[in-house]
Structures are given as structure tokens and as C-alpha cells.
Amino acid sequence: GQVATITSVQTALLIAAGALLLGIPLTRRFAVGQAEGADLSAANAWPVAPALSEGQSQDRPALVSVEYQVASSQTEAFLKALQAFALERRRDGATAWSIHESVETPGTWIETFQLPSWLEHLEQHKRVTHQDMAAQEAVRAFDTREGGPVVRHYVAPPRI
């Protein structure tokens, strides 16, 4: 805008085109990776999601909670691993994600993520890759219970 004001629109466009041409050789030097080393094949490792009751619509919004019990000495590392894993949750369809610690029982953490529909959550199960499973196992390793984290599923009530 400044160049066009001082000179002309044509001159400003010529300068911009020249800068773009000069920039082309520089872009080869800064190639963006495409996760070449990541194993993005389907893992099919999540357990089958529970079935909805007969008559329940699959288009209702869904919420999934995962409860972790974490030793206080591991809190910082757990949260760091979980923040990285949250990106996978969002990539695979979650529209919201959060983590909270219990006030009554310190060390008990609840991760929640929301999906636009129950059907979308079922699709999320299919999208889990081996790379995702490695990140999830890193988070699960912090849970001190023998059975691991507790997963619960919820759907919103039908629209009235």
C-alpha cells in the first residue's frame, strides 16, 4: 500500500512479483516435513465403543471423559505428555478438550473432549494411528491404577 501510494499500483505489483520470484529459491531450503517418519497406519487398537440404547440417535453431541490417577511427583511430566496428546484428540474430531484435577482427591485428573455427534466418536475410533497409540501409551503410563485410566462416554439429551 505504501509503495503504491508513493509510486503507482503497477510499480507496487511489479516489486511484489519480483520479491516472490527472488523468494522461490529460498523456499527449497526450508522444506516443511510431512511426518515422513511417523507410522500413520490405522492401529485399530481402541476398544469398541459402547452401543447406544435402542432408539437413541447417533447425531447427538458426545462427550468422553478419561480419569487418570497420577502420582504428585509425576504431575508435570503427565501434563506435558497429555498436552501433546490433546493435539491428536482435536485432529481426530474433538471440538473441545480440557483437563482438570479433582479438588477432593488431588492426583485424580479428568480429561474431557467433546465431539459433534456420537457417530463422529465412532469414526474417531477408526482414525487412531500407530503414532497416536504411542502418544496415548505415554500418557497412560502415568496412571498408577492396575487397570489404567477409566473411560466414560456421554451423549447430550435429544433436542426438545
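Modeller: Start at Glu111: its side chain makes a polar contact with the side chain of Tyr68 at 2.8 Å. The term means N or O atoms within 3.5 Å, one able to donate a hydrogen and the other to accept it; residues adjacent in sequence count only if both atoms are side-chain atoms. This is a predicted model; local features need pLDDT of at least 70, side-chain atom pairs 80 or more, while totals for chains, interfaces and linings use all residues. Residues are numbered from 1 along each chain, and side-chain values use heavy atoms, without hydrogens and water.

Biologist: Where is the place of Glu111?

Modeller: Glu111 sits in strand β3. Strands (E, at least two residues) and helices (H or I, at least four) are DSSP runs, numbered from the N terminus.

Biologist: Is Glu111 buried or exposed?

Modeller: Glu111 has a relative accessible area of 0%, so it is buried. The cut-offs, with a 1.4 Å probe and protein chains only: buried under 20%, exposed over 50%, partly exposed in between.

Biologist: Which residues does Glu111 touch?

Modeller: Leave aside residues up to four places away in sequence, and the list includes Val64, Ser65, Val66, Leu82, Phe85 and Arg89. Touching is contact: heavy atoms within 4.5 Å.

Biologist: How many residues of strand β3 are buried?

Modeller: Six of the eight, across residues 108-115. Strand β3 is therefore largely enclosed by the rest of the structure.

Biologist: In what sense do β1 and β3 pair?

Modeller: Antiparallel, over eight bridges. Two strands pair if DSSP finds at least two bridges between them. Look at Ser65: it stands opposite Thr112 in β3. Strand β2 (residues 96-101) also pairs with β3 in the antiparallel sense, over six bridges. There, His100 has Ile110 of β3 as its bridge partner. The hairpin of β2 and β3 has six residues between the strands, and Gly107 takes a positive phi near 95° in it.

Biologist: How many aromatic pairs does the structure hold?

Modeller: Three. Rings of Phe, Tyr and Trp (its six-membered ring) pair if their centres lie within 6.5 Å; planes under 30 degrees apart are stacked, over 60 edge-to-face, the rest tilted. Phe78 and Trp109 form a tilted pair, with 6.1 Å from centre to centre and 50° between the planes. Phe78 belongs to helix α3 and Trp109 to strand β3, so the pair ties together parts 31 residues apart in sequence. Both Phe78 and Trp109 are buried. Ring pairs also link Tyr68, Phe78, Trp109 and Phe142 into a cluster.

Biologist: Now salt bridges. How many does the structure hold?

Modeller: Nine. Each has a side-chain nitrogen of Lys or Arg within 4 Å of a carboxyl oxygen of Asp or Glu. In one of them, the side chains of Lys126 and Glu123 meet at 3.2 Å, N to O. Lys126 and Glu123 both lie in helix α4, three residues apart, about one turn of the helix. With 53% relative accessibility, Lys126 counts as exposed. Glu123, at 30%, counts as partly exposed.

Biologist: What does Asp143 form a salt bridge with?

Modeller: With Arg145; their closest N and O atoms are 3.0 Å apart. Asp143 is buried, at 8% relative accessible area, whereas Arg145 is partly exposed, at 25%. Through shared partners, salt bridges join Glu67, Asp143, Arg145 and Arg152 into one network.

Biologist: Back to helix α5. Which of its residues are buried?

Modeller: In α5 (residues 130-140), Asp132, Met133, Gln136 and Val139 are buried. Down the axis of α5, they fall within an arc of 115°, so they line one face of the helix. That arc spans the directions from the helix axis to the C-beta atoms. The buried residues of α5 pack against β1 (62-69), α3 (75-91) and α4 (118-127).

Biologist: Last stop, Ser57. Where is its place?

Modeller: Ser57 is in the loop between α2 (9-29) and β1. Ser57 is partly exposed, with a relative accessible area of 29%. Its side chain makes a polar contact with that of Asp59, at 2.2 Å. The C-alpha atoms of Ser57 and Pro157 are separated by 9.7 Å, with the two residues 100 apart along the chain.
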